[in-house]
2 protein chains.
Amino acid sequence: MAFVLDETAQNLLFREAHTANTFSDAPVTDEQIKAVYDLVKLAPTAFNQSPLRVTLVRTPEARERLVQHLADGNKAKTRTAPITAILSVDLEFHERLPELFPVMPALKDTVFADADAREANGRFNAALQAGYFILGVRAAGLAAGPMTGLDFEGVDKEFFGDGRQKTLLVVNIGHPGPDAFRPRGPRLSADEAVTTV
Amino acid sequence: MAFVLDETAQNLLFREAHTANTFSDAPVTDEQIKAVYDLVKLAPTAFNQSPLRVTLVRTPEARERLVQHLADGNKAKTRTAPITAILSVDLEFHERLPELFPVMPALKDTVFADADAREANGRFNAALQAGYFILGVRAAGLAAGPMTGLDFEGVDKEFFGDGRQKTLLVVNIGHPGPDAFRPRGPRLSADEAVTTV
């Protein structure tokens, strides 16, 4: 037995979970998404930098502001989702570092005084957190529909006009509707992706 | 109740799991890590691109080749880990796309013919997978010790001499040893990191 996590949980998070492409009318509350965040925020980032930010799009007006920047194939399904999360990196995450990682108080004004270092670090660590977040949505019994088919600069200008946050991923969240799932594509096997030296 | 995932599983993956800084002598097999990969490979990437590659470092010789490129603070603990995984992105992931995402067979020779587009996409999606992988290690009842304090170019040259793979994260994996855990740092609250528009 390779896992301590029981099979029901493995199935919920991985085997029986699929990207949803339609959503039912069942609502999703902000509190549900905040509970997801409060669970997944505990998973690690480098120097505890915690650069992920989540912007929840709910109202019809906000939704249309987002939909106009999505690829055509992503528009209809996003209109059916009860809530859509824009996952972004806060490029000024270093401002909070003295509080988040007090054992190295100089980081903010040395390594992370450099905007390029911040962006590379922040993008990687926010992406790690995006991975945790997708599994957290599934842990809440919700279906996630992550999308990268969009005009990133357009979404940034629309929602993050000051340039401080950069969009990484947009995730529709809800309960699956009719014909929500496509067949899962093949994956690389462990023998292809894992090597031992 | 915000979660379908039961509390035991939530605790295993998030609340009671911590980055390990020492490891016991208890072994970890390649098969355990391959089982982790085979579970987490099911979680989504854009266009099913699956760019993450895992290189397992086990022998004393391979370990020293890795350790020389780590920050001083990461050397001793890496020597105590029974196995260490180098998580990297395969910058030529597009070669497998016609098989992994057959509904858009042109992707390989259009969007992803461009090396910069491949690198940006691959790094983001491999980082998502790295997040899944860390939680998968925990699901296997193992402790993960992810590290970014290292000479990335040095590790790349040492293990990926042909330049095709780029190191993203190095993760010690094992059973925790004495004094393995540091106190968890504070996290940003949901009210700070999650906003609704």
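## A buried alanine in chain B

Ala62(B) is buried, with a relative accessible area of 4%, a value that falls under the 20% limit for counting a residue as buried. The model is a predicted one, and in it Ala62(B) has its place in helix α3 of chain B, which covers residues 60-67.

When neighbours within four places in sequence are left aside, Ala62(B) is in contact with Val57(B) and Phe159(B), and also with Val197(A). The C-alpha atom of Ala62(B) is separated by 10.0 Å from the C-alpha atom of Thr84(B), a residue 22 residues apart from Ala62(B) along the chain.

## A buried threonine in a loop

Thr45(B) lies in the loop of chain B between α2, residues 30-40, and β1, residues 52-57. With a relative accessible area of 14%, Thr45(B) is buried, because buried means under 20% relative accessible area.

Apart from neighbours within four places in sequence, the residues in contact with Thr45(B) are Ser50(B), Pro51(B), Asn125(B) and Gln129(B).

## An exposed glutamate and a negative patch

Glu7(A) lies in helix α1 of chain A, which is made up of residues 7-15. Glu7(A) is exposed, with a relative accessible area of 55%, since exposed means over 50%.

Glu7(A) also takes part in a negative surface patch, which is formed together with Asp6(A) and Glu16(A) from chain A and with Asp6(B), Glu7(B) and Glu16(B) from chain B.

Note on methods: Residues numbered from 1 in each chain as written. Chains lettered and ligands numbered in written order. Predicted model: local features only at pLDDT ≥ 70, side-chain atom pairs only at ≥ 80, totals over all residues. Heavy atoms only, no water. Patch = residues over 30% accessible without salt bridge, like charges linked within 9 Å, V, L, I, M, F, W, Y side chains within 5 Å. Areas by Shrake-Rupley, 256 points an atom, 1.4 Å probe, with all protein chains shown as cover. Salt bridge = Lys/Arg side-chain N within 4 Å of Asp/Glu carboxyl O. Lys, Arg positive; Asp, Glu negative; His and termini not counted. Charge placed at Lys NZ, Arg CZ, Asp CG, Glu CD. Helix = DSSP H or I, 4+ residues; strand = E, 2+ residues; numbered from the N terminus. Buried < 20%, exposed > 50% of the residue type's maximum accessible area, 1.4 Å probe, protein only. Contact = heavy atoms within 4.5 Å.
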